[in-house]
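This briefing is meant for a reader who is new to the structure shown below. Please keep the sequence and the model at hand while going through the points, which are grouped by topic.

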Amino acid sequence: MEKRDTWSSQLTYVLAVAGATVGFGATWRFPYLVGQNGGGAYVLVFCIAMIVIGIPMILVENAIGRRLGKNAVDAFSGKWRVVGWMGLVGAFGIMAYYMVIGGWVLNYIWAVLTGSLDLGTPVTAAQTAVFYEKNIIDAPLAITIMTFVFVAVNFVILIRGAVVGIERAAKFLMPLLFLLMIGMVLRNLTLDGVVEGVKFYLTPDFSKINSKLFVDVLGQVFFALSLGFGVMITLSSFVKKDENLVSTAVITGVLNTVIAVVAGFMIFPSLFTFGVEPTSGPSLVFKSLPIVFSSMSFGGFFAVAFFLLLMIAALTTSLPIYEVIITVLEEKFAIGRKKAIALVLGVIFVLGNIPSLMATNVLKDVLIFGKNIFDAYDAISATIFFVLTSLFCAIYVGWVLKDEAKREILLGAPGNEKFVNVWFFYVRYVIPFVILVVFVSSFYDNFLK
(Lines give C-alpha, C1' and ligand atoms only; values in the text may rest on other atoms or scores of the structure.)
Protein backbone atom coordinates (compact mmCIF):
# COMPACT_ATOMS: atom_id res chain seq x y z
CA MET A 1 0.00 0.00 0.00
CA GLU A 2 1.22 3.50 -0.85
CA LYS A 3 2.67 5.39 2.11
CA ARG A 4 0.23 7.95 3.51
CA ASP A 5 1.00 11.63 3.71
CA THR A 6 1.26 13.33 7.10
CA TRP A 7 0.76 16.92 8.19
CA SER A 8 3.96 18.94 7.80
CA SER A 9 3.72 20.31 11.36
CA GLN A 10 1.48 20.57 14.41
CA LEU A 11 0.57 24.11 13.36
CA THR A 12 -0.72 23.05 9.95
CA TYR A 13 -2.72 20.25 11.56
CA VAL A 14 -4.22 22.69 14.08
CA LEU A 15 -5.07 25.09 11.23
CA ALA A 16 -6.68 22.26 9.25
CA VAL A 17 -8.71 21.14 12.28
CA ALA A 18 -9.64 24.74 13.08
CA GLY A 19 -10.78 25.15 9.50
CA ALA A 20 -12.82 21.96 9.70
CA THR A 21 -14.55 23.10 12.87
CA VAL A 22 -14.92 26.84 12.19
CA GLY A 23 -17.56 26.76 9.47
CA PHE A 24 -21.21 27.66 9.31
CA GLY A 25 -21.42 26.16 12.81
CA ALA A 26 -19.59 29.15 14.30
CA THR A 27 -20.52 31.90 11.86
CA TRP A 28 -24.13 31.04 10.96
CA ARG A 29 -25.59 28.48 13.37
CA PHE A 30 -24.12 29.68 16.68
CA PRO A 31 -25.32 33.32 16.44
CA TYR A 32 -28.92 32.43 15.60
CA LEU A 33 -29.06 29.82 18.41
CA VAL A 34 -27.77 32.48 20.82
CA GLY A 35 -30.55 34.79 19.63
CA GLN A 36 -33.23 32.11 19.96
CA ASN A 37 -32.08 31.06 23.44
CA GLY A 38 -31.91 34.46 25.10
CA GLY A 39 -28.28 35.46 24.70
CA GLY A 40 -25.75 35.19 27.52
CA ALA A 41 -27.14 32.06 29.17
CA TYR A 42 -26.61 30.08 25.98
CA VAL A 43 -23.09 31.46 25.52
CA LEU A 44 -22.13 30.50 29.09
CA VAL A 45 -23.45 26.94 28.84
CA PHE A 46 -21.86 26.54 25.39
CA CYS A 47 -18.41 27.54 26.69
CA ILE A 48 -18.70 25.08 29.59
CA ALA A 49 -19.91 22.28 27.30
CA MET A 50 -17.03 22.81 24.87
CA ILE A 51 -14.59 22.19 27.72
CA VAL A 52 -16.31 19.31 29.52
CA ILE A 53 -17.74 17.49 26.45
CA GLY A 54 -16.06 18.90 23.33
CA ILE A 55 -12.37 18.53 24.20
CA PRO A 56 -12.70 14.99 25.65
CA MET A 57 -14.60 13.89 22.52
CA ILE A 58 -11.96 15.39 20.23
CA LEU A 59 -9.42 13.17 22.01
CA VAL A 60 -11.71 10.15 21.56
CA GLU A 61 -11.77 10.58 17.79
CA ASN A 62 -8.06 11.48 17.73
CA ALA A 63 -7.19 8.20 19.46
CA ILE A 64 -9.32 6.19 17.03
CA GLY A 65 -7.97 8.00 13.95
CA ARG A 66 -4.24 8.00 14.66
CA ARG A 67 -4.09 4.49 16.15
CA LEU A 68 -4.17 2.68 12.79
CA GLY A 69 -3.65 5.64 10.44
CA LYS A 70 -6.51 4.54 8.22
CA ASN A 71 -9.75 5.90 6.82
CA ALA A 72 -12.83 6.53 8.98
CA VAL A 73 -14.19 3.00 8.43
CA ASP A 74 -11.01 0.92 8.78
CA ALA A 75 -10.00 2.94 11.85
CA PHE A 76 -12.39 0.60 13.69
CA SER A 77 -11.89 -3.14 14.13
CA GLY A 78 -14.25 -5.98 13.19
CA LYS A 79 -17.97 -5.36 13.56
CA TRP A 80 -17.25 -1.91 14.97
CA ARG A 81 -16.61 -0.73 11.40
CA VAL A 82 -20.36 -0.14 11.21
CA VAL A 83 -19.70 2.95 13.37
CA GLY A 84 -17.42 4.27 10.62
CA TRP A 85 -20.12 3.67 8.02
CA MET A 86 -22.60 5.56 10.23
CA GLY A 87 -20.19 8.49 10.23
CA LEU A 88 -20.10 8.42 6.42
CA VAL A 89 -23.89 8.55 6.27
CA GLY A 90 -23.78 11.56 8.60
CA ALA A 91 -21.11 13.20 6.40
CA PHE A 92 -23.30 12.69 3.33
CA GLY A 93 -26.30 14.13 5.19
CA ILE A 94 -24.54 17.31 6.25
CA MET A 95 -22.96 17.91 2.84
CA ALA A 96 -26.34 17.43 1.17
CA TYR A 97 -27.57 20.74 2.59
CA TYR A 98 -24.32 22.43 3.70
CA MET A 99 -23.20 23.09 0.13
CA VAL A 100 -26.58 24.64 -0.64
CA ILE A 101 -26.04 27.23 2.12
CA GLY A 102 -22.75 27.98 0.37
CA GLY A 103 -24.79 28.57 -2.79
CA TRP A 104 -27.03 30.99 -0.87
CA VAL A 105 -24.00 32.94 0.35
CA LEU A 106 -22.51 33.17 -3.15
CA ASN A 107 -25.88 34.38 -4.46
CA TYR A 108 -25.92 37.16 -1.85
CA ILE A 109 -22.36 38.21 -2.74
CA TRP A 110 -23.33 38.29 -6.44
CA ALA A 111 -26.51 40.26 -5.67
CA VAL A 112 -24.63 42.92 -3.69
CA LEU A 113 -21.83 43.22 -6.27
CA THR A 114 -24.27 43.54 -9.20
CA GLY A 115 -26.62 45.90 -7.36
CA SER A 116 -29.69 43.65 -7.42
CA LEU A 117 -29.48 43.89 -3.63
CA ASP A 118 -28.82 47.59 -3.20
CA LEU A 119 -27.50 48.35 0.27
CA GLY A 120 -26.60 51.93 -0.54
CA THR A 121 -29.82 53.12 1.09
CA PRO A 122 -31.61 51.68 4.15
CA VAL A 123 -33.80 48.64 3.45
CA THR A 124 -36.67 47.34 5.54
CA ALA A 125 -37.40 43.91 7.01
CA ALA A 126 -40.18 43.51 4.44
CA GLN A 127 -37.75 44.21 1.58
CA THR A 128 -35.13 41.73 2.81
CA ALA A 129 -37.85 39.10 3.34
CA VAL A 130 -39.05 39.57 -0.25
CA PHE A 131 -35.47 39.37 -1.54
CA TYR A 132 -34.87 36.18 0.48
CA GLU A 133 -38.04 34.57 -0.91
CA LYS A 134 -37.25 35.56 -4.50
CA ASN A 135 -33.52 34.82 -4.52
CA ILE A 136 -33.21 31.87 -2.11
CA ILE A 137 -36.53 30.13 -1.55
CA ASP A 138 -37.91 30.43 -5.10
CA ALA A 139 -34.70 30.48 -7.15
CA PRO A 140 -33.75 26.84 -7.85
CA LEU A 141 -31.82 27.61 -11.06
CA ALA A 142 -29.72 30.41 -9.57
CA ILE A 143 -28.94 28.41 -6.42
CA THR A 144 -28.09 25.32 -8.51
CA ILE A 145 -25.53 27.37 -10.44
CA MET A 146 -24.05 28.95 -7.31
CA THR A 147 -23.93 25.62 -5.44
CA PHE A 148 -22.20 24.03 -8.45
CA VAL A 149 -19.60 26.84 -8.41
CA PHE A 150 -18.96 26.22 -4.71
CA VAL A 151 -18.63 22.45 -5.31
CA ALA A 152 -16.23 23.14 -8.21
CA VAL A 153 -13.96 25.24 -5.96
CA ASN A 154 -13.84 22.31 -3.52
CA PHE A 155 -12.96 19.95 -6.39
CA VAL A 156 -10.01 22.11 -7.51
CA ILE A 157 -8.54 22.17 -3.99
CA LEU A 158 -9.18 18.49 -3.20
CA ILE A 159 -7.51 17.32 -6.41
CA ARG A 160 -4.17 18.47 -4.98
CA GLY A 161 -4.24 15.69 -2.37
CA ALA A 162 -5.72 14.77 1.01
CA VAL A 163 -3.10 16.59 3.03
CA VAL A 164 -1.54 19.00 0.53
CA GLY A 165 -4.81 20.48 -0.72
CA ILE A 166 -6.40 20.97 2.69
CA GLU A 167 -3.12 22.08 4.32
CA ARG A 168 -2.39 24.76 1.71
CA ALA A 169 -5.98 25.98 1.77
CA ALA A 170 -5.96 26.18 5.58
CA LYS A 171 -2.63 28.07 5.64
CA PHE A 172 -4.08 30.75 3.37
CA LEU A 173 -7.76 30.81 4.29
CA MET A 174 -7.62 30.61 8.09
CA PRO A 175 -5.48 33.77 8.55
CA LEU A 176 -7.74 35.54 6.02
CA LEU A 177 -10.79 34.39 7.98
CA PHE A 178 -9.32 35.73 11.24
CA LEU A 179 -8.48 39.10 9.64
CA LEU A 180 -12.00 39.47 8.23
CA MET A 181 -13.53 38.57 11.59
CA ILE A 182 -11.36 41.08 13.45
CA GLY A 183 -12.27 43.78 10.93
CA MET A 184 -16.01 43.08 11.28
CA VAL A 185 -15.80 43.00 15.08
CA LEU A 186 -13.90 46.30 15.27
CA ARG A 187 -16.50 47.90 12.97
CA ASN A 188 -19.38 46.62 15.13
CA LEU A 189 -17.77 47.80 18.38
CA THR A 190 -17.93 51.40 17.12
CA LEU A 191 -21.74 51.31 16.69
CA ASP A 192 -24.20 53.10 18.97
CA GLY A 193 -25.90 49.91 20.17
CA VAL A 194 -22.70 48.16 21.23
CA VAL A 195 -23.46 48.31 24.97
CA GLU A 196 -26.97 46.92 24.63
CA GLY A 197 -25.85 44.28 22.13
CA VAL A 198 -22.92 43.09 24.24
CA LYS A 199 -25.11 43.07 27.36
CA PHE A 200 -27.64 40.78 25.64
CA TYR A 201 -24.84 38.61 24.30
CA LEU A 202 -22.72 38.15 27.42
CA THR A 203 -25.02 38.70 30.44
CA PRO A 204 -26.52 35.34 31.47
CA ASP A 205 -30.25 35.31 32.22
CA PHE A 206 -30.41 32.09 34.25
CA SER A 207 -34.19 31.90 33.80
CA LYS A 208 -33.46 31.08 30.14
CA ILE A 209 -31.60 27.87 31.06
CA ASN A 210 -33.89 24.91 30.37
CA SER A 211 -33.78 21.46 28.79
CA LYS A 212 -34.12 22.85 25.25
CA LEU A 213 -31.11 25.12 25.77
CA PHE A 214 -28.99 22.17 26.95
CA VAL A 215 -30.04 20.08 23.94
CA ASP A 216 -29.31 22.99 21.56
CA VAL A 217 -25.92 23.60 23.19
CA LEU A 218 -24.74 20.00 23.06
CA GLY A 219 -26.01 19.60 19.51
CA GLN A 220 -24.03 22.72 18.59
CA VAL A 221 -20.88 21.33 20.24
CA PHE A 222 -21.04 18.22 18.04
CA PHE A 223 -21.85 20.30 14.95
CA ALA A 224 -19.21 22.95 15.65
CA LEU A 225 -16.40 20.46 16.34
CA SER A 226 -17.28 18.18 13.40
CA LEU A 227 -17.79 15.27 15.81
CA GLY A 228 -19.66 12.15 14.79
CA PHE A 229 -19.12 12.19 11.03
CA GLY A 230 -15.54 11.02 10.65
CA VAL A 231 -13.76 14.36 10.21
CA MET A 232 -11.59 14.22 13.34
CA ILE A 233 -10.90 10.52 12.76
CA THR A 234 -9.80 11.19 9.17
CA LEU A 235 -7.70 14.29 9.90
CA SER A 236 -5.95 12.65 12.87
CA SER A 237 -5.16 9.56 10.77
CA PHE A 238 -2.56 11.76 9.00
CA VAL A 239 -0.94 12.89 12.28
CA LYS A 240 2.57 11.71 13.15
CA LYS A 241 2.91 9.45 16.17
CA ASP A 242 5.06 11.90 18.10
CA GLU A 243 2.55 14.77 17.88
CA ASN A 244 0.89 15.78 21.17
CA LEU A 245 -2.82 14.96 20.77
CA VAL A 246 -3.68 16.41 24.19
CA SER A 247 -2.40 19.88 23.33
CA THR A 248 -3.96 19.86 19.85
CA ALA A 249 -7.34 18.81 21.30
CA VAL A 250 -7.21 21.59 23.89
CA ILE A 251 -6.10 24.16 21.29
CA THR A 252 -8.87 23.04 18.91
CA GLY A 253 -11.58 23.23 21.58
CA VAL A 254 -10.44 26.61 22.91
CA LEU A 255 -9.92 28.10 19.43
CA ASN A 256 -13.35 26.97 18.25
CA THR A 257 -14.98 28.41 21.37
CA VAL A 258 -13.17 31.73 21.00
CA ILE A 259 -14.06 32.06 17.31
CA ALA A 260 -17.71 31.18 17.93
CA VAL A 261 -17.90 33.80 20.71
CA VAL A 262 -16.09 36.38 18.56
CA ALA A 263 -18.60 35.70 15.75
CA GLY A 264 -21.32 36.99 18.06
CA PHE A 265 -19.53 40.35 18.32
CA MET A 266 -19.85 40.65 14.54
CA ILE A 267 -23.62 40.48 14.81
CA PHE A 268 -25.32 41.49 18.07
CA PRO A 269 -24.05 45.09 18.47
CA SER A 270 -25.29 45.86 14.95
CA LEU A 271 -28.67 44.18 15.53
CA PHE A 272 -29.34 46.29 18.59
CA THR A 273 -28.02 49.46 16.94
CA PHE A 274 -30.54 49.21 14.10
CA GLY A 275 -33.44 47.70 16.05
CA VAL A 276 -33.39 44.23 14.45
CA GLU A 277 -34.76 41.30 16.45
CA PRO A 278 -32.05 38.74 17.32
CA THR A 279 -34.59 35.87 17.41
CA SER A 280 -35.17 35.44 13.67
CA GLY A 281 -33.56 31.97 13.61
CA PRO A 282 -31.67 30.30 10.71
CA SER A 283 -32.40 33.18 8.33
CA LEU A 284 -30.74 35.70 10.72
CA VAL A 285 -27.71 36.45 8.54
CA PHE A 286 -29.76 36.48 5.33
CA LYS A 287 -32.84 38.48 6.34
CA SER A 288 -31.66 40.62 9.25
CA LEU A 289 -28.05 41.54 8.53
CA PRO A 290 -28.73 43.18 5.13
CA ILE A 291 -30.93 45.67 7.06
CA VAL A 292 -27.93 46.38 9.29
CA PHE A 293 -25.47 46.74 6.41
CA SER A 294 -27.79 49.07 4.50
CA SER A 295 -27.80 51.42 7.49
CA MET A 296 -24.00 51.56 7.72
CA SER A 297 -21.55 53.73 5.84
CA PHE A 298 -19.98 51.56 3.11
CA GLY A 299 -22.68 48.97 3.81
CA GLY A 300 -22.16 47.16 0.51
CA PHE A 301 -18.46 46.70 1.25
CA PHE A 302 -19.11 45.30 4.73
CA ALA A 303 -21.87 43.04 3.40
CA VAL A 304 -19.52 41.52 0.81
CA ALA A 305 -16.76 41.19 3.44
CA PHE A 306 -19.14 39.43 5.85
CA PHE A 307 -20.54 36.99 3.27
CA LEU A 308 -17.00 36.35 2.00
CA LEU A 309 -16.09 35.46 5.58
CA LEU A 310 -19.01 33.00 5.66
CA MET A 311 -17.83 31.56 2.33
CA ILE A 312 -14.28 30.99 3.58
CA ALA A 313 -15.55 29.42 6.80
CA ALA A 314 -17.78 27.08 4.79
CA LEU A 315 -14.94 26.10 2.45
CA THR A 316 -12.49 25.23 5.22
CA THR A 317 -15.17 22.91 6.65
CA SER A 318 -16.49 21.32 3.46
CA LEU A 319 -13.04 20.19 2.30
CA PRO A 320 -12.34 17.81 5.23
CA ILE A 321 -15.93 16.51 5.29
CA TYR A 322 -15.65 15.55 1.62
CA GLU A 323 -12.25 14.02 2.42
CA VAL A 324 -13.84 11.62 4.93
CA ILE A 325 -15.74 9.85 2.14
CA ILE A 326 -13.03 10.28 -0.53
CA THR A 327 -10.37 8.61 1.66
CA VAL A 328 -12.65 5.61 2.22
CA LEU A 329 -13.14 5.16 -1.54
CA GLU A 330 -9.39 5.49 -2.16
CA GLU A 331 -8.19 3.12 0.56
CA LYS A 332 -11.01 0.62 0.91
CA PHE A 333 -12.08 0.30 -2.71
CA ALA A 334 -8.80 1.24 -4.49
CA ILE A 335 -10.49 3.97 -6.53
CA GLY A 336 -8.12 6.56 -7.98
CA ARG A 337 -8.17 9.95 -6.25
CA LYS A 338 -9.54 11.99 -9.16
CA LYS A 339 -12.27 9.46 -9.81
CA ALA A 340 -13.10 9.23 -6.10
CA ILE A 341 -13.39 13.03 -5.81
CA ALA A 342 -15.58 13.28 -8.90
CA LEU A 343 -17.76 10.41 -7.68
CA VAL A 344 -18.24 11.80 -4.15
CA LEU A 345 -18.88 15.40 -5.19
CA GLY A 346 -21.08 14.33 -8.12
CA VAL A 347 -23.27 11.89 -6.17
CA ILE A 348 -23.75 14.33 -3.29
CA PHE A 349 -24.59 17.11 -5.76
CA VAL A 350 -27.22 15.03 -7.58
CA LEU A 351 -28.74 13.13 -4.64
CA GLY A 352 -28.19 15.71 -1.90
CA ASN A 353 -27.62 19.27 -3.08
CA ILE A 354 -30.23 19.45 -5.84
CA PRO A 355 -33.07 17.91 -3.76
CA SER A 356 -32.12 20.20 -0.84
CA LEU A 357 -32.16 23.41 -2.88
CA MET A 358 -35.49 22.35 -4.40
CA ALA A 359 -36.99 21.58 -0.99
CA THR A 360 -38.70 24.99 -0.78
CA ASN A 361 -39.91 25.18 -4.37
CA VAL A 362 -40.08 22.33 -6.90
CA LEU A 363 -40.07 19.58 -4.22
CA LYS A 364 -41.85 21.53 -1.46
CA ASP A 365 -44.62 18.91 -1.21
CA VAL A 366 -42.12 16.09 -0.55
CA LEU A 367 -41.95 15.64 3.22
CA ILE A 368 -39.84 13.24 5.33
CA PHE A 369 -40.99 12.91 8.95
CA GLY A 370 -43.07 16.02 8.33
CA LYS A 371 -39.99 18.03 7.23
CA ASN A 372 -38.94 19.25 3.80
CA ILE A 373 -35.89 17.56 2.26
CA PHE A 374 -33.43 20.26 3.39
CA ASP A 375 -34.59 20.15 7.01
CA ALA A 376 -34.83 16.34 6.96
CA TYR A 377 -31.18 15.99 5.91
CA ASP A 378 -30.23 18.35 8.75
CA ALA A 379 -32.41 16.67 11.39
CA ILE A 380 -31.56 13.06 10.49
CA SER A 381 -27.80 13.61 10.21
CA ALA A 382 -27.48 15.87 13.28
CA THR A 383 -30.09 14.24 15.52
CA ILE A 384 -29.41 10.59 14.75
CA PHE A 385 -26.11 9.91 13.01
CA PHE A 386 -23.80 12.54 14.60
CA VAL A 387 -24.96 11.78 18.10
CA LEU A 388 -25.09 7.97 17.82
CA THR A 389 -21.71 7.83 16.07
CA SER A 390 -20.19 9.95 18.86
CA LEU A 391 -21.83 7.70 21.47
CA PHE A 392 -20.39 4.54 19.89
CA CYS A 393 -16.97 6.17 19.49
CA ALA A 394 -16.90 6.89 23.24
CA ILE A 395 -17.99 3.31 24.02
CA TYR A 396 -15.39 1.92 21.57
CA VAL A 397 -12.57 3.84 23.24
CA GLY A 398 -13.79 3.22 26.80
CA TRP A 399 -14.78 -0.44 26.56
CA VAL A 400 -12.99 -1.94 23.54
CA LEU A 401 -9.66 -0.14 23.04
CA LYS A 402 -9.25 0.67 26.75
CA ASP A 403 -5.51 0.80 27.60
CA GLU A 404 -4.63 0.86 23.89
CA ALA A 405 -6.44 4.20 23.56
CA LYS A 406 -4.59 5.59 26.58
CA ARG A 407 -1.24 4.48 25.15
CA GLU A 408 -2.08 6.15 21.83
CA ILE A 409 -2.83 9.47 23.53
CA LEU A 410 0.36 9.24 25.63
CA LEU A 411 2.64 8.57 22.63
CA GLY A 412 3.20 12.25 21.98
CA ALA A 413 2.23 13.46 25.43
CA PRO A 414 4.44 11.71 28.00
CA GLY A 415 3.96 12.90 31.54
CA ASN A 416 0.20 13.33 31.11
CA GLU A 417 -0.73 9.99 32.70
CA LYS A 418 -2.95 11.51 35.39
CA PHE A 419 -4.83 13.65 32.88
CA VAL A 420 -5.29 10.71 30.51
CA ASN A 421 -6.56 8.46 33.32
CA VAL A 422 -9.15 11.07 34.31
CA TRP A 423 -10.08 11.54 30.64
CA PHE A 424 -10.49 7.79 30.18
CA PHE A 425 -12.76 7.40 33.25
CA TYR A 426 -14.81 10.36 32.03
CA VAL A 427 -15.11 8.93 28.51
CA ARG A 428 -16.01 5.50 29.80
CA TYR A 429 -18.71 6.41 32.32
CA VAL A 430 -19.86 10.03 32.02
CA ILE A 431 -19.89 11.03 28.34
CA PRO A 432 -21.97 8.07 27.07
CA PHE A 433 -24.68 8.94 29.60
CA VAL A 434 -24.66 12.62 28.60
CA ILE A 435 -24.79 11.81 24.87
CA LEU A 436 -27.62 9.32 25.41
CA VAL A 437 -29.69 11.96 27.20
CA VAL A 438 -29.06 14.40 24.34
CA PHE A 439 -29.99 11.78 21.76
CA VAL A 440 -33.29 10.88 23.44
CA SER A 441 -34.24 14.55 23.94
CA SER A 442 -33.30 15.57 20.38
CA PHE A 443 -35.01 12.56 18.83
CA TYR A 444 -38.21 13.29 20.75
CA ASP A 445 -38.20 16.98 19.81
CA ASN A 446 -37.52 16.34 16.11
CA PHE A 447 -39.52 13.22 15.35
CA LEU A 448 -42.00 12.37 18.09
CA LYS A 449 -43.23 15.65 19.55
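A residue is called buried when its relative accessible area is under 20%, exposed when that area is over 50%, and partly exposed in between, with a 1.4 Å probe and only protein chains taken into account. By this rule glutamate 408 is buried, with a relative accessible area of 6%. The model is predicted, so that local features need pLDDT of at least 70 and side-chain atom pairs count only at pLDDT 80 or more, while totals for chains, interfaces and linings use all residues. Residues are numbered from 1 along each chain as its sequence is written, and side-chain values use heavy atoms, with hydrogens and water left out.

**Nonpolar core**

- A nonpolar core is a set of buried Ala, Val, Leu, Ile, Met, Phe, Trp, Tyr and Cys residues joined through side-chain atoms within 4.5 Å, and the largest one here has 170 residues, with Ile64, Phe286, Phe306 and Tyr322 having the most contacts inside it.
- Helix 14 (residues 299-333) gives the most to this core, with 21 residues; helices (H or I, at least four residues) and strands (E, at least two) are DSSP runs, numbered from the N terminus.
- Contact means heavy atoms within 4.5 Å, and phenylalanine 286, leaving out residues up to four places away in sequence, touches Trp28, Ile101, Trp104, Val105, Tyr108, Tyr132 and Phe307.

**Salt bridges**

- A salt bridge is a side-chain nitrogen of Lys or Arg within 4 Å of a carboxyl oxygen of Asp or Glu, and by this rule the count comes to eight.
- Glutamate 408 and lysine 241 form a salt bridge through their side chains, at 3.1 Å from N to O.
- Because glutamate 408 lies in helix 17 (residues 403-410) and lysine 241 in the loop between helix 10 (231-236) and helix 11 (245-265), this pair ties together parts that are 167 residues apart in sequence.
- Lysine 241 is partly exposed, at 37% relative accessibility, and Arg66, Lys241 and Glu408 are linked in a network of salt bridges.
- Arginine 337 and glutamate 323 form a salt bridge at 2.7 Å, N to O.
- Arginine 337 lies in helix 15 (residues 337-357) and glutamate 323 in helix 14, so the pair ties together parts that are 14 residues apart in sequence.
- Both arginine 337 and glutamate 323 are buried.
- In the salt bridge between the side chains of arginine 81 and aspartate 74 (3.3 Å, N to O), arginine 81 is partly exposed at 31% relative accessibility, whereas aspartate 74 is buried at 13%.

**A buried asparagine**

- Asparagine 154 lies in helix 6 (residues 140-158) and is buried, with a relative accessible area of 0%.
- Its side chain makes a polar contact with the side chain of serine 318 at 2.6 Å; a polar contact is a pair of N or O atoms within 3.5 Å, where within protein one must be able to donate a hydrogen and the other to accept it, and residues adjacent in sequence count only if both atoms are side-chain atoms.
- Not counting residues up to four places away in sequence, asparagine 154 touches Met99, Leu315, Ser318, Leu319, Tyr322 and Leu345.

**Valine 434**

- Valine 434 is found in helix 18 (residues 417-448) and is partly exposed, with a relative accessible area of 23%.
- Leaving aside neighbours within four places in sequence, valine 434 is in contact with Ile53 and Leu218.
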